[in-house]
Amino acid sequence: MAALDRALGGALNLATGGLSGGVLGMFDARGRVLGLGRDAWRGLGERLGNADGRVERAAVLEAAHTVIVVLAFFDALENVELPFSLDEVALTRREQMLLAGGRFPSGDGFTQDAAQVDAPRPAPHLPYERHVGELHAWYEHLAMRMADFLRGLAVWEGLDEADREEAARTLHVAVPGIAVRIYESLYARLALEAPEFGFWSGQMEHQATRAELRRALVGLEQALAESADLRHRPVDVAGALARAHQSALGQRILDAQEAPEGILVPTLAQAYLDPDFRVRAVDGQGSPADEEWWARAPVRQDLTEYLAGALTSEGLTTAPLLVLGQPGAGKSVLMRILAARLPAAGFLPVRVALRDVRADDEVQDQIEQAIREATGERATWPDLVRSAGTAVPVVLLDGFDELLQTTGVHQNDFLVRVARFQEREAEQGRPVLAVVTSRTAVADRARYPQGTVALRLEPFQQAHIQLWIEQWNLTNAMNFQAMGLPPLTWDAVAPHRALAGQPLLLTMLALYQAAGNDLRGEDDRPLDEADLYEALLGSFARREVTKDSRISDDEVERRVEEELEQLSLVAFAILNRRRQWVSTAELDEDLAALVGRAPTQPSGLRAPLGQAEAAFGRFFFVQRAQSIRDGRTLSTYEFLHATFGEYLAVRLAVRLVSGLLDHRPVLSTGREPLNDDLMFALLSFAPLFSRQMLRFARARVERLPDAERAALGPLVVRAMGERELRAEQPYPTYLPRRIRVASRHGIYSANLVVLALLLTGGTTAGALFPSGGDAGSSWHRHALLWRSALNEAEWTDLAVSLRLRRTRQGRERDIEVAVQRGELEAPDQVDAYWLYRAPWEEGHTVWHRTYWNEIWHKMDVSAGTNDGVVLQALRPLFESLGPLVTTFSGDRTRLATSTAHDVLRLWLTGESELTVEEIVELYGRIGAALPVLASSDAVTRRLVPILKALLDRDLPRLGPDETMSVLLQLLADPAGVFAVRISDHLRTRHPQLRNGLVHRFDGS
């Protein structure tokens, strides 16, 4: 600390001499906080130049910031008018620091005492305006403490009541605002001396614009160059580690084997573009895995400036920065770039690929393993820190999600363990910064230490993609010309933004075109999703197949199909477990259950490759996560983009359905059941009708020949009906997850119904369930089965994907069903004639069912979300007017509706949306039902006021004939209770209308 006091220019040295406890005037020239502060920030640049390394520099900056915070407050006191002289206020240095810091000084020097002042500090992840607001609140609190302190002094006792109120108001209102303005002025001057202050507040001028995107964090070295001069540079193993990381900039973004022959892949320095990002402190409110949690954080374009601020603030020494992103977003590449840039900025990076170190080891042991992997040297962590000189170690822990995926919840406290490691290192005088990367999807499975900040990488925007394409074309200009290939263009990539937004998938599109393929179809239109995925996956599978020179040209397409089928089994392994990845062990079990266990191939001294690793490890669009635990390598597989897996699952499902055409019965007489065993095994664990998968399924089905589609529709219906009557479970060892047998049948049935509808273009419930009796009842029973088998989101996907229309021939009813196209519209009005299979009769018909009270109890017992929402909304209707729910009226020309429907429609839409004819018709339906409802006193008591209010609203708008029609329909039973009460209301509220009615019918 003596060195720090010297670095601060001696003006802060109150730890020596006998002044520390002496009584000083608050603004005494020698001992006052005001004077100390003014002396502290003057010449800060010179004192920073004397700081030895980043740790000492950071301490100087933190102390300087605390000084201007305290200085601004006491300076504000000097600038306001108070009813007493500040010279009359005597404070010891101890009291001055206690007042500002809220605790007693340590006696170890002003630097440490200043650190005790718990004032808000700027942070690169917070908007500067929020920091200023927090500082204003802190100044208000400080002013309140100041006022409380003054009340115990003689100078306060000498004031009259008016002066005391004025002094208190000045302290509480004026001082905080003035202090903030002084602070901002001082802060701006500090930023001129030390760029870190600009990075912390986000007030640095961005040298890059959206038209001039930065590459490979090139601005980081420049931003921190002035503060990166080290007196003691890394040597020995630390120097070797720095050199190893710096060499990464010249490495290619992909292995050369992944590129078509003759195509060059750009280097990291050339191709990596600084992405947009969002950043936010993890505060326990929501999860960084949720999109809604990120909605409150704005998109930023200043990644270089943010990292410069984060790396020079104290936040990263107490908790790690968590970098999140989708697969292929560039998290690992960012760590490699950061590791390459940091040595020149005064840091010593240590990149730890968590997939390559033992998962159960302590953080320090994992770091030491990574050092040996990068340099070939064995070194302990303390040895490395000592050899780093005055460079600050930065540990980059890449792939936390791989630990979570491969070990389950075993590693969910990893971030907490990292923070504990940082805490221990700080106590040992070896502060270390930490950055951890992870996929966004698993961020909800982690425990977060206090102070964690999360940063999410955003997809590439158009400017990023265009600049990336420019570099790709520049790198391969001569190769394209020699091979007769056109350059990649934005117009070709733009229709596929969902893929091009992730850097690795953009690379995949570029490689696809560079292999001689076209991102446009034969009609020069962009390939649609299904065609693009088929072409992409087929192209990469074909390239893998043709690497084996022993495969003849005649065999290539068959082997390509085999590769795609195996990839489809990976897709089903993921889909049927309802997550985004599958472990190697799980995949091996699936393959053994479905296709039999193939003999494994020994690979030198290594353990034999399993089926999964042998089949899928070579496709770069299948990402393999791994960790090492108990000496074993644990691996998981997932697709770089979830839609790859969804497409492959749908692709295989449609192929399996097409295979029904190959059914050949053994006997010529009778009918053998269709062999749908593999279909049932794969399609009975998860639905295929999410919106994206439904689009893929429609596209695959539409590519089948018309005759094949026509033949397959009835076969799918037959397979569904036969499966419902079979008890055996095919492929019994295939169990990606344990669910009820009834749920499997429900999921399978729902999947086949959707496939049948796509094949036929739409059909009827009677055709789907030909042996089920009444078609409406059959559909209802199956819908209940589907609902019980699906979770809420899946049930919603199914419901919104279908369009229903109820039909009737005589007393036989049916439902026309089709897959929804276009925007979702309101369902058709339900006809009560159809519900009850009631016969159509001439004239107006009214009927009533007495079980209305049972309906809401059945909804209650179901305890479902949808029933609960409807029940909650309609409870007042059931409580007050329950019989109206099961009282219906209609005629041959119109749908039959309940009286509850008619009253609600008249009430909610009659004033503005209905025509006069519709209003008259609704009154007619209600009037026809009144004699049935008159037997209930409770209904009469509650319905009459409603009808009176509706009449008061509607009668003035109706013509004479329409008015007479409405009244005649409501008063059709003159002796009825409704007619009497409505007539009385007309007498008092509408006497002219009533007199006209009486006159028309001669007073009867």
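Which residues of helix α41 (residues 899–909) are buried? In this predicted model, local features need pLDDT of at least 70 and side-chain atom pairs count only at pLDDT 80 or more, while totals for chains, interfaces and linings use all residues. Residues are numbered from 1 along each chain as its sequence is written, and side-chain values use heavy atoms, with hydrogens and water left out.

The buried residues of α41 are Thr 899, Ala 900, Asp 902, Val 903, Leu 906 and Thr 909. Buried here means under 20% relative accessible area, with a 1.4 Å probe and protein chains only. The elements covering these residues include the helices α40 (865–881), α42 (916–933) and α43 (937–954), and also the strands β18 (887–891) and β19 (894–898). Helices (H or I, at least four residues) and strands (E, at least two) are DSSP runs, numbered from the N terminus.

For the chain as a whole, there are 46 helices and 19 strands. Of its 1004 residues, 53% are buried. Among contacts (heavy atoms within 4.5 Å) between residues at least 6 apart in sequence, 73% join residues at least 24 apart. The accessible surface, from the Shrake-Rupley method with a 1.4 Å probe, comes to about 45600 Å², and 50% of that belongs to carbon and sulfur atoms.

An open sheet of 3 strands has the order β14-β16-β15, with antiparallel pairing. Its edge strands, β14 (763–764) and β15 (802–809), each pair on one side only. Two strands pair if DSSP finds at least two bridges between them; β15 and β16 (residues 812–819) have 8 bridges in the antiparallel sense. Within this pairing, Leu 804 has Val 817 in β16 as its bridge partner. Helix α34 (residues 741–760) lies across β14, β15 and β16 and runs at about 80° to β16. Helix α36 (residues 775–789) also packs on the sheet, touching β15 and β16, with its direction at about 45° to that of β16. Such angles run from 0 to 180 degrees between N-to-C directions, and axes are lines fitted to C-alpha atoms, for helices over the stretch in contact.

A helix pair elsewhere is α25 (residues 503–514) and α26 (residues 529–546), whose axes come within 10 Å and cross at roughly 75°. That makes α25 roughly perpendicular to α26, a term for angles of 65 to 115 degrees. Met 508, Leu 509, Leu 511 and Tyr 512 of α25 meet Leu 532, Ala 535, Leu 536, Ser 539 and Phe 540 of α26. By class, this contact has 8 nonpolar, 1 polar and no charged residues. Ala, Val, Leu, Ile, Met, Phe, Trp, Tyr, Cys and Pro count as nonpolar, Asp, Glu, Lys and Arg as charged, and the others as polar.

Methods. Parallel < 35°, antiparallel > 145°, perpendicular 65-115°, else oblique. Buried < 20%, exposed > 50% of the residue type's maximum accessible area, 1.4 Å probe, protein only.
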